[in-house]
Amino acid sequence: MARAWVARSKDDPKKWTAFWHDPDGKQRQKSFDTKERADDHRRRKEQELDAG
């Protein structure tokens, strides 16, 4: 299973950030206004990475 997680943004505590490791092992991230959107993105990334 792919490695991805969600956490509050350190820059803005009102925002959430989704983190994941790309196929090369490099950590990536994207910020969202809600935890729900960040979780949706995390799930999509996990599915993409698991599919190859």
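**Asp12 and the chain around it**

Biologist: Where does Asp12 lie?

Modeller: In this predicted model, Asp12 sits in the loop that runs between strand S1 (4-8) and strand S2 (16-21).

Biologist: Why does Asp12 count as partly exposed?

Modeller: Buried means under 20% relative accessible area and exposed means over 50%, with partly exposed in between. Asp12 has 27% relative accessibility, so Asp12 counts as partly exposed.

Biologist: How far is Asp12 from Thr34, in sequence and in space?

Modeller: They are 22 residues apart in sequence, and their C-alpha atoms are 12 Å apart in space.

Biologist: How do you know that the radius of gyration agrees with a compact globule?

Modeller: The rule is 2.2 Å times the number of residues to the power 0.38. For 52 residues a compact globule would come out near 10 Å, and the chain has 11 Å, so the value agrees. Along the principal axes, the C-alpha atoms fill a box of roughly 35 × 20 × 10 Å.

Biologist: And how much of the chain is buried?

Modeller: Of its 52 residues, 31% count as buried. The chain exposes about 4,000 Å², with carbon and sulfur atoms supplying 43% of that area.

Biologist: What about charges: how many side chains are positive and how many negative?

Modeller: There are 14 positive and 11 negative side chains, and the centres of the two sets lie 3 Å apart.

Definitions and conventions. Residues numbered from 1 in each chain as written. Predicted model: local features only at pLDDT ≥ 70, side-chain atom pairs only at ≥ 80, totals over all residues. Heavy atoms only, no water. Buried < 20%, exposed > 50% of the residue type's maximum accessible area, 1.4 Å probe, protein only. Areas by Shrake-Rupley, 256 points an atom, 1.4 Å probe, with all protein chains shown as cover. Lys, Arg positive; Asp, Glu negative; His and termini not counted. Charge placed at Lys NZ, Arg CZ, Asp CG, Glu CD. Helix = DSSP H or I, 4+ residues; strand = E, 2+ residues; numbered from the N terminus.
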